[in-house]
Amino acid sequence: MKWHEKSLTELAKALQTKEVSSTELTHYFLKRIAEMKGLNAFLDVQEDLSLQEAKHADELISSGKAGFLTGIPIAHKDVFVTKSWKSTAASKMLENYISPFDARVVELLGQNGAGMVCLGKTNMDEFAMGSSNENSAFGPALNPWNSAFVSGGSSGGSAVAVAAGLTPIATGTDTGGSIRQPASFCGITGIKPTYGTISRYGMIAYASSLDQAGPMGKSAEDCALLLNLLSGQDPRDSTSLKAQEIDFTSLLGKTWVENADLPLKGLKIGIPEEYFAQGLDAKVRETVQNALKKFEELGATCISVSLPKTKLSIPVYYVLAPAEASSNLSRYDGVRYGYRAKEYKDLNQMYERTRSEGFGSEVKRRILIGSYVLSQGYYDAYYLQALKIRRIIAQDFQKSFETCDVLMGPVAPKVAWKIGEKSKDPVEMYLEDIYTLSPNLAGLPAMSIPCGQSQDGLPIGLQIIGNYFSEAKMLQIADHFQKNTNWHLQTPNLQSVEGAL
Amino acid sequence: MSSTNWEVVIGLETHTQLMTKSKIFSGASIAFGANPNAQACPVDLALPGTLPVLNKEAVNHAIRFGLAIGAKVAPKSIFARKNYFYPDLPKGYQISQFELPVVVGGTIKIQVDGETKEIQLTRAHLEEDAGKSLHDDFYGLYGEKSSGIDLNRAGTPLLEIVTEPVMRSAAEAVAYAKELHALVMWIGICDGNMQEGSFRCDANVSVRPMGQEKFGTRCEIKNLNSFKFLEEAILYEVRRQIELIEDGGTVRQETRLYDPDLQETRSMRSKEDAQDYRYFPDPDLLPLEVTQEMIDQIQSTMPPLPSTLRDTWKSQYGLSDYDAALLTQTRSTADFFIELLGLIGIDLVKPAANIIAGEMASALNREGIDVSASPIRPVHIAQMLLRIQDGTISNKIAKDIFSTLWERGLNSPLPDNGVVDALIEEKGLKQISDAGAIEKLIDQVLAENQKSVEEYRSGKEKAFNSLIGQIMKVSKGKANPAQVNQILKDKLNS
């Protein structure tokens with residue numbers, strides 16, 4: 001049985017009917033992980049621990065105490081701290097760090113929560129800073145569609161793991177596109193919900209006001225099932241919001257308006273003209289436009305809208321996120337845990353060497369940018385100015401939602417690039433984030449679904465941006481698209497990848 | 001030039017440790033004296049993935065303080081990060097309030113040399129304390145000389161209370177600090193323990209020629225944890241600055257430390273070395289919103305303030321400044337007195353104040369305990385006062401009763417009712433007020449002291465007192481002194 005091609009619902013039914021046990025499923029995926037080690041999707045795998053969790057899940061299933069997803073394996077981005085697996089955030093700074101507690105996300109899904117089985121921790125850009133996974137201290141996760149290409153980032157390992165069938169589903173985090181862009185590059189579905197939907201407790205912070213966790217899976221339906229388990233207020237995270245009293249799967253399969261002949265009849269899709277401006281790859285444009293045509297076939301209407309500050313989202317993001325990061329990463333000082341330089345003369349040298357040696361170059365770059373924009377004399381010109389534009393960006397979105405239900409466009413201007421191609425020019429890499437940054441700045445939910453492939457067979461993603469708390473509707477819309485297309489069912493030819501590894 | 005031509009300008013910043021069960025942003029205890037790092041949880045250690053959660057109790061304390069000094073409690077205030085590296089600062093930043101503090105303005109009245117002065121406050125803001133670095137006598141895992149970090153104090157809630165530069169002498173600064181110290185304990189937000197660092201002052205000191213409007217360059221003296229050091233440090237610093245200027249030098253803006261052994265301040269860092277703290281709003285915490293309902297709720301639980309009580313007691317009961325001050329020195333003394341007031345009539349208030357200021361104060365002092373732990377409670381004092389009033393016992397006997405009850409009460413708690421009457425009965429201390437009985441006593445004494453009688457009759461007034469003393473002695477102190485006085489006078493003059 002090709003369990004890695006099954007949806008969560010299919011796996012849940014197989015477990016319930018005892019067609020397969022959690023232990024068998026876990027063995028199955030652990031084996032695939034071992035076989036595809038070359039993809040570098042995982043940073044820590046502890047087979048015994050996973051199998052213990054599976055055994056526990058099997059007991060729950062036998063005793064009738066199982067939840068819907070109990071026994072189904074999952075992989076966690078290494079940004080979530082775990083008691084049993086190392087939590088490194090792909091940094092040398094935390095190379096052997098083990099947390100005394102589980103992140104809220106891990107806790108909710110694990111043994112004392114939904115009973116899913118953790119397969120291990122997935123690769124990422126160091127401290128979630130990057131768009132290609134090349135910033136991992138432990139080497140990049142490789143794109144399973146072509147291992148010479150990047151997986152996207154920062155949640156690259158999770159995207160690779162799902163795309164290559166190493167796990168049925170995974171968690172990711174998204175600060176400026178870190179769920180959507182790797183999902184797009186690897187041909188999977190990922191959603192970043194409204195800021196505050198999922199607790200950040202136990203999520204290693206990059207930029208606190210932008211960081212948001214979310215599911216990365218094979219379909220909108222799978223993501224909806226996981227989101228149901230993840231959302232909810234957490235007293236340990238002051239910025240987490242009161243739980244949305246909604247079942248994210250409740251609208252799946254329903255028509256947009258009742259008793260309509262077409263599933264999405266009445267849906268108004270806003271097309272931000274700035275998302276189709278200069279810089280967008282021709283094939284990506286064509287593919288996204290074809291997807292929009294499909295939505296029209298399903299009954300939706302496309303209207304043109306404007307998000308005039310889209311271009312500014314790059315400088316705004318690259319002021320605010322580094323500012324917060326520079327402070328969030330101050331705790332990695334070599335004093336209490338993590339990496340400490342071997343030799344130093346005094347305290348200052350200990351700090352300098354620890355941080356120079358422990359952090360990778362992109363992390364250091366962002367700490368420098370962040371420290372600079374918060375400095376006396378620059379704070380007003382950079383940080384405060386960026387905050388103002390951030391508010392305008394949020395207002396622009398609200399204006400557009402007066403005329404449409406959701407916004408759609410590309411996730412990224414291009415498909416995955418070759419490993420090493422952009423790593424010499426950080427600014428060029430920053431520009432690739434142009435379509436994904438604004439929703440984070442506004443705190444809006446946004447998702448990526450596969451909608452086609454490039455000439456070279458690399459996946460292309462469609463971005464759906466919704467208004468606050470409209471995740472259920474976004475998932476409903478994406479699900480209709482996936483019920484009527486098969487882009488999300490495409491899988492990479494791993495034999496060819498293996499050969500190349 | 002002499003120093004009288006200089007005006008001293010002082011502003012104080014006081015860190016008061018708030019009395020809460022747990023830390024300001026974590027659930028760890030803040031109790032003093034635990035083993036190093038026994039009270040540091042993952043949040044205090046700044047482990048990856050941890051987040052701060054604001055302790056509402058600390059906020060309530062801040063509101064309480066704002067109400068006590070007539071300040072504005074901000075409907076919205078912001079927590080900011082103050083970024084700097086130090087081993088006992090686990091996150092690499094301190095969470096504090098910068099641009100928008102929770103308490104704005106307010107005043108505290110002080111008295112110096114019999115004059116009342118109002119000290120204006122700038123602000124009071126909530127923040128977390130840092131941990132402690134241990135350098136002396138600390139040894140590492142292999143017995144090597146080392147430095148240690150104790151994070152028990154990290155995250156302890158502080159209210160930093162800042163005045164305007166309105167104090168003009170060390171005496172004013174000390175008076176303000178003492179008044180503030182008494183107030184924060186009074187309203188129950190700080191235990192006031194200066195030795196444990198619960199209340200510590202930074203003094204900003206500058207001097208300027210008398211009459212000049214522009215402030216001189218100031219120096220900040222950090223971490224003064226006793227009123228004595230505060231006074232000494234300011235006096236030294238003022239002298240230093242004046243001498244420096246008079247010798248043709250200029251004062252450098254800097255942070256200084258006071259060395260109590262040498263009784264001098266010395267430079268810690270200059271303004272040029274001052275760090276850029278890169279303040280920005282903490283994205284992990286929502287703005288702190290204080291509603292009118294929260295304020296009303298806290299207002300309804302506020303105790304009457306000492307200044308209010310003093311004014312009331314002086315005007316309603318005619319208490320002296322001294323007694324009023326003594327009775328409001330601590331909240332527990334005032335509470336004791338208020339409880340007593342509820343048990344006695346208005347004509348007994350002054351005698352009541354006398355007992356508390358006299359017998360009570362010295363007994364507490366001797367025992368080294370707070371009035372809240374006193375074995376004699378208001379109900380017992382009320383009983384004594386009633387028995388004095390109805391003539392059952394004299395003031396002198398009352399003192400004996402007080403000390404007997406005190407000793408007994410220290411051994412085992414006294415019952416509320418009947419203890420005073422039972423003791424009078426037991427010891428036969430009832431006053432002799434029967435004129436016949438007193439006359440008998442007097443006759444006996446007169447017969448035995450003919451010499452004194454003659455001396456009195458020959459004009460020696462002193463002899464009268466000696467006779468009174470003899471009579472009281474014979475009566476074992478129980479004879480009603482007023483009656484003895486009257487009857488003796490009648491007998492001698494007849």
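Biologist: What percentage of the contacts in chain B with a separation of 6 or more comes from residues 24 or more positions apart?
Modeller: Such residues account for 70% of those contacts. Two residues are in contact if their C-beta atoms, placed from the backbone, lie within 7 Å. This is a predicted model, in which local features need pLDDT of at least 70, side-chain atom pairs count only at pLDDT 80 or more, and totals for chains, interfaces and linings use all residues. Residues are numbered from 1 along each chain as its sequence is written, while chains are lettered from A and ligands numbered from 1 in the order in which they are written.

Biologist: And what is that percentage in chain A?
Modeller: In chain A, residues 24 or more positions apart make up 75% of the contacts with a separation of 6 or more.

Biologist: How many helices and strands are in chain B?
Modeller: Chain B has 15 helices and 17 strands. Helices (H or I, at least four residues) and strands (E, at least two) are DSSP runs, numbered from the N terminus.

Biologist: Is chain B compact or spread out?
Modeller: Chain B is more spread out than a compact globule, because its radius of gyration is 30 Å, well over the 23 Å that the globule rule gives for 494 residues. The radius is taken over C-alpha atoms, and the rule is 2.2 Å times the number of residues to the power 0.38. Along the principal axes, the C-alpha atoms of chain B fill a box of roughly 95 × 60 × 55 Å.

Biologist: What about chain A?
Modeller: Chain A comes to 16 helices and 11 strands. Its radius of gyration is 21 Å, close to the 23 Å from the globule rule for 501 residues, so chain A is as compact as a globular protein of that length. The C-alpha trace of chain A spans about 75 × 55 × 50 Å along its principal axes.

Biologist: Which strand of chain A is largely enclosed by the rest of the structure?
Modeller: Strand 9 (residues 406–410) of chain A, because 5 of its 5 residues are buried.

Biologist: Which strands does strand 9 pair with?
Modeller: Strand 7 (residues 268–272) of chain A runs parallel to strand 9 of chain A, joined by 2 bridges. There, A:Gly270 has A:Leu407 as its bridge partner. Strand 11 (residues 459–466) of chain A pairs with strand 9 of chain A in the antiparallel sense over 5 bridges, and A:Pro410 stands opposite A:Leu462. Two strands pair if DSSP finds at least two bridges between them.

Biologist: Back to chain B. Where is there a hairpin?
Modeller: Strand 7 of chain B and strand 8 of chain B form a hairpin with 2 residues between them. In the turn, B:Asp113 has a positive phi of about 50 degrees. Strand 7 covers residues 107–112, and its antiparallel pairing with strand 8 of chain B has 6 bridges. B:Val112 stands opposite B:Glu115 in strand 8 of chain B.

Biologist: What else is strand 8 of chain B joined to?
Modeller: Strand 6 (residues 103–104) of chain B is joined to strand 8 (residues 115–128) of chain B by 2 bridges, running antiparallel. Strand 11 (residues 157–163) of chain B is also antiparallel to strand 8 of chain B, with 7 bridges. In that pair B:His125 stands opposite B:Glu160.

Biologist: Now helices. At what angle do helix 10 and helix 11 of chain B pack?
Modeller: Helix 10 (residues 395–411) of chain B and helix 11 (residues 419–427) of chain B pack at about 110 degrees, with their axes 11 Å apart. Axes are lines fitted to C-alpha atoms, for helices over the stretch in contact, and angles run from 0 to 180 degrees between N-to-C directions. That makes helix 10 of chain B roughly perpendicular to helix 11 of chain B. Angles under 35 degrees count as roughly parallel, over 145 as roughly antiparallel, 65 to 115 as roughly perpendicular and the rest as oblique.

Biologist: How many residues does each chain give to the contact between the chains?
Modeller: Chain B gives 25 residues and chain A gives 35 residues.

How values were computed. Buried ≥ 20, exposed ≤ 12 C-beta atoms within 10 Å, placed from the backbone.
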